[in-house]
Amino acid sequence: MTTTAVTGATGQLGSAVIRSLLDHGVAAGDIVAVVRDEAKAADLAARGVVVRVADYADPAALRAALDGVDKLLLVSGSEPGKRIPQHTNVIEAAEAAGVSLIAYTSVLKAPTSGISLAPEHVATEERLASSSVPSVLLRNGWYWENYAASIGQAQHTGAIIGSGGSGVVAGAARADYAAAAAAVLIADDQAGTVYELGGERLTYEGLAGAISEIIGAPVEYQDLSTDEHIGALEGAGLPAPVAQMLASADAGIARGDLDTESGDLTRLLEREPVSAVDALRATLS
């Protein structure tokens, strides 16, 4: 019997990984959902998943939560700027608990990426490399769901905006990244593997075409400078740090930081990833 733990298990990615594990026939009692708020995990508990409460900032709680765990999916934290100490706490707890494998959700091309989110992922990858616990890296590309707000924008203005130039983004649906993570957790001999994960490859003009197909009206892509993009995002009500992060990602798209032709996601899924059209259409339902 192998016990598999998932951190951030009530988040969108973590909960999707657990659903995928269950769909693959993993017994609910062999899955540990590590959560901050037990009340939010009521649906998981109702399905028989073991729920344990631990915050990334609480080493003692993390150590207790990982007791008896064989494999661990460390879903990267949701608080940029705090991720390195948070992830370190989880890794140290896994070491103390005798976990046999850590899978970590990093970012595409982390060591060479220039996007603002990359350094914390790189630091976590380096800490994993020095750990006594073997690890596997799931370097996820951009989620198509990140562009859900662009659908409404296109309906109102006939355009989407960005600062990605003619760069290509190899995006995928969140559920596909989750299914890939589940496949890795179920498989044997994953230690030391690095997966560069991305699906359909689109320029922003191609993304505009996908959104046009969804709304049934023409949509154009308006390419802005980074400063113009930040200003537009802040003008739409986004906090400055979020606007800067998104613009940094677009600069990365222009450089090719969020593009891959690896095929790793297709191989893990054993099918083609969901298209941008289908992934974005699903956000409307």
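**Helices, Sheet and Core in a Predicted Model**

Tutor: The axes of helix α1 (residues 12-23) and helix α7 come within 8 Å and cross at roughly 55°. This is a predicted model, in which local features need pLDDT of at least 70 and side-chain atom pairs count only at pLDDT 80 or more, while totals for chains, interfaces and linings use all residues. Residues are numbered from 1 along each chain as its sequence is written, and side-chain values use heavy atoms, with hydrogens and water left out.

Student: Why is α1 called oblique to α7?

Tutor: Angles under 35 degrees count as roughly parallel, over 145 as roughly antiparallel, 65 to 115 as roughly perpendicular, and the rest as oblique. The crossing is at roughly 55°, so α1 is oblique to α7.

Student: Which residues make the contact between α1 and α7?

Tutor: Contact means heavy atoms within 4.5 Å. Among the residues involved are Q12, L13 and A16 of α1, and R174, Y177 and A178 of α7.

Student: What makes the seven strands an open sheet, and which are the edge strands?

Tutor: The strands follow the order β3-β2-β1-β4-β5-β6-β9, with parallel pairing. Two strands pair if DSSP finds at least two bridges between them. The edge strands, β3 (50-53) and β9 (194-197), each pair on one side only. From one strand to the next, the twist averages 20°.

Student: How do you know that β4 and β5 pair?

Tutor: Four bridges join β4 (residues 71-74) to β5 (residues 101-107), and the definition asks for at least two, so these strands pair.

Student: How does helix α4 lie relative to β4?

Tutor: Helix α4 (residues 83-97) runs at about 180° to β4, and lies across β1 (4-7), β4 and β5. Angles here run from 0 to 180 degrees between N-to-C directions.

Student: What is in the largest nonpolar core?

Tutor: A nonpolar core is a set of buried (under 20% relative accessible area) Ala, Val, Leu, Ile, Met, Phe, Trp, Tyr and Cys residues joined through side-chain atoms within 4.5 Å. The largest has 60 residues, and those with the most contacts inside it include V17, L73 and V99. Its largest share, eight residues, comes from α7.

Student: Why is G68 called partly exposed?

Tutor: Exposed means over 50% relative accessible area, and partly exposed lies between that and buried. The value for G68 is 48%, so G68 is partly exposed. G68 is found in the loop between α3 (59-65) and β4.

Definitions and conventions. Buried means under 20% relative accessible area, exposed over 50%, partly exposed in between (1.4 Å probe, protein chains only).
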